[in-house]
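Welcome! Take a moment to look over the structure below, and then we can walk through it together.

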Amino acid sequence: MADEIWKIILTSALTVFGGVSVYVIGQLISKLLFEPAFELLKAVREVRFVLAFHAPTIHTPRDRDKSSSSEAESALKKCSSELMSRLHAVSAYDAMAQVLPGTFPSRTNIENAAVTLRGLSTHMHETGDRAENSLDAVNNRVEYIVRLLNLKPLD
């Protein structure tokens with residue numbers, strides 16, 4: 001009789017321990033891998049939003065004023081920083097990108113896009129002839145960012 005009770009207690013304890021272990025492991029995977037990866041995807045989508053929202057300032061130097069230029073510059077720098085910080089928050093990013101091809105841009109592409117966004121921000125306060133002369137460089141940078149992050153081009 002006592003052996004049966006101990007078997008029941010041991011079975012119950014192992015079942016509870018197994019359940020808690022599965023829950024803890026699931027939470028660790030979620031917090032260390034999936035949530036940071038989704039935050040990174042949100043940062044990539046934010047780049048698309050910023051490029052579209054600030055397109056008049058980015059692509060039309062004649063319409064730039066100090067306020068809109070500062071807003072666009074700040075938004076581009078923020079996107080650059082967000083991409084880098086979110087990328088480095090994802091544990092085993094390279095493995096995830098390989099397991100889910102097409103879902104995540106490569107690490108190198110994200111890093112290059114962040115650097116290019118930072119470079120694009122430097123053009124936001126240009127006006128006059130200087131701005132007109134750098135318009136091709138600005139457009140090329142935007143196209144490069146779109147390509148690196150696999151963003152759908154705006155038509």
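## How two helices meet

Helix α1 passes helix α3 in a left-handed crossing, where left-handed means that the near helix is turned anticlockwise from the far one by less than a right angle. Helices here are DSSP runs (H or I, at least four residues), numbered from the N terminus. The pair packs at an angle of about 160°, with axes 9 Å apart. α1 and α3 are therefore roughly antiparallel to each other (over 145 degrees).

## About the model

This is a predicted model, in which local features need pLDDT of at least 70, side-chain atom pairs count only at pLDDT 80 or more, and totals for chains, interfaces and linings use all residues. Residues are numbered from 1 along each chain as its sequence is written, and side-chain values use heavy atoms, leaving out hydrogens and water.

## The nonpolar core

The largest nonpolar core has 33 residues, and Val47, Leu51, Leu83, Leu120 and Leu149 touch the most other members. Such a core is a set of buried Ala, Val, Leu, Ile, Met, Phe, Trp, Tyr and Cys residues joined through side-chain atoms within 4.5 Å; buried means under 20% relative accessible area (1.4 Å probe, protein chains only). The largest share, 8 residues, comes from α1.

Leaving out residues up to four places away in sequence, Val47 touches Cys79, Leu83, Leu117, Ile145, Leu149 and Leu151.

Note on methods: Buried < 20%, exposed > 50% of the residue type's maximum accessible area, 1.4 Å probe, protein only. Contact = heavy atoms within 4.5 Å. Axes fitted to C-alpha atoms, helices over the stretch in contact; angles between N-to-C directions. Parallel < 35°, antiparallel > 145°, perpendicular 65-115°, else oblique.
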